[in-house]
Amino acid sequence: MTAPGEILHTGAADYPGLDNWRELPLTQQPDWRGHPDFDSSYEELSANPPLVFAGEVDKLKRRLAKVANGEAFLLQGGDCAETFDGVTADKISAKVKTILQMAVVLTYGASLPVVKMGRMAGQYAKPRSSDMETRGDVTLPSFRGEIVNGFDFTPESRIPDPKRMVEAYHKSAATLNLVRAFTEGGFADLRAVQQWNKGFMENPAHARYEQIAGEIDRAVRFMEACGAEFDGLKRTEFYAAHEALLLDYERALTRIDSRTGKPYVTSGHFVWIGERTRDLDGAHVDYLSRVQNPLGVKLGPSTTPETALALIDKLDPEREPGRLTFISRMGAANIREKLPPLVEAVRDSGAKVVWVTDPMHGNTITAKNGYKTRRFDDVMDEVRGFFEVHQAAGTYPGGLHVEMTGDDVAECLGGSDVIDESAFDARYESLVDPRLNHKQSLEMAFLVAEALTQVK
Ligand code: PEP
Ligand code: MN
């Protein structure tokens, strides 16, 4: 018997060093180890089947090695914070559809394969700037994502509940099941995706993308006329990614792979360390240094070249191709100044990482009516800055990391089919950060494709 809150070492229990993180500074976690349901929830998760198979994780690493070499492009997209209620067929299919549509446009623009990845099936934990939230004279724990507590501002909802980890696991399993069915069962057929893109083009606001859309259409029709019926036309690989923030969840879902004898986080294929938890001596970096998955690290404007190099030494000591992705999130106003020293230092060190731009998190503003928002033009300006910096450094701009949804929400400002603040009251749904809606997401893909075709 263990006392409530006593740490359980189930699953991968005696793998050397795996539990060192427990002795290190650990931030952004709920205080729930003494909760009466903590041990049983942790044990249940530890006994559950993995959500992903280590062989798939290795395959993704090989795909990302291609990105690191400039032979493929990476698209990561999805919600800032998934919600349990958002696990419906409609919402999941709309999101997958949008990512597939963006990927087709980017494949054409880059003339390269696109590795597709959702911030999906596990993106439930959120870092917060303060532990507590005060409204009027009531102070309660901050909302940390539905894997920890509820969004409603009541004590019942805001008190962290470890059983939510088990629910997040089941919601992730349901999501992944549908994503796998969609992407392998015919839904992802390139010809169908191209038909959906025609819907986007019917909107007169998108007329400026006609040329590129027409070229893609002809390319698809050409393949069809040739009788091309290869696998890559009919199905696609789609990977699940999330921020590995909640270490109780990640540790409980870590398994030793029977083929290699090494630990894998099996909560998703790719996990990243956020801007707030990438402390070199902290628990997150230590824990993730010990698992085999491909990893991302968010790099904000305060990152120094020394920190970037130290992160590489810690997380990718073997310099394994595809292991490490740096996701820069500098802000449009900073990227042209702050990114070059990092890119140059990594280039000069000889290390090879995947460089991805997150043009969302450095561009958050508060709208006049109080909503957290982002301007489409700022987002695109950061993307352009990212390409410029890599072109100047002779390095490869490997991909995009965006907060987006397949639905017709109004959360980010602008786009050709303009969203303004007056739409927020009716169509703002995100619990945390604002996402590009379906049209804004596709528009970004067309703009990036245009930029890529100009570079070639
Ligand atoms: C996020 O990706 O939602 C996030 C919190 O990002 P960052 O760690 O870059 O702030
Ligand atoms: Mn976010």
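I took a polar contact to be a pair of N or O atoms within 3.5 Å; within protein, one must be able to donate a hydrogen and the other to accept it, and residues adjacent in sequence count only if both atoms are side-chain atoms. The model is predicted, with local features needing pLDDT of at least 70 and side-chain atom pairs pLDDT 80 or more, while totals for chains, interfaces and linings use all residues. Residues are numbered from 1 along each chain, ligands are numbered from 1 in the order written, and side-chain values use heavy atoms without hydrogens or water.

**Entry 1: ligand 1.** I looked up polar side-chain atoms beside oxygen atoms of ligand 1: arginine 329 has one at 2.7 Å, lysine 126 has one at 2.7 Å, and lysine 298 has an N or O atom at 2.8 Å. The protein buries 97% of the 300 Å² that ligand 1 exposes alone (Shrake-Rupley method, 1.4 Å probe). The residues around the ligand (a heavy atom within 4 Å) include Cys80, Trp272, His361 and Glu403. I sorted this shell into three nonpolar, two polar and seven charged residues.

Entry 2: I found one cavity of 30 Å³ or more, taking a cavity as a set of points on a 1 Å grid over the protein atoms alone where a 1.4 Å probe fits but cannot get out. The largest cavity holds about 30 Å³ of space, the volume being that filled by probe spheres set on the points. Its lining (an atom within 4 Å of a point) includes Gly122, Ile147, His242 and Tyr249. I counted five nonpolar, two polar and two charged residues in that lining.

Definitions and conventions: Nonpolar A, V, L, I, M, F, W, Y, C, P; charged D, E, K, R; others polar. 1 Å grid on protein atoms, 1.4 Å probe; cavity = no way out; pocket = protein on both sides within 12 Å on 5 of 7 lines; lining within 4 Å.
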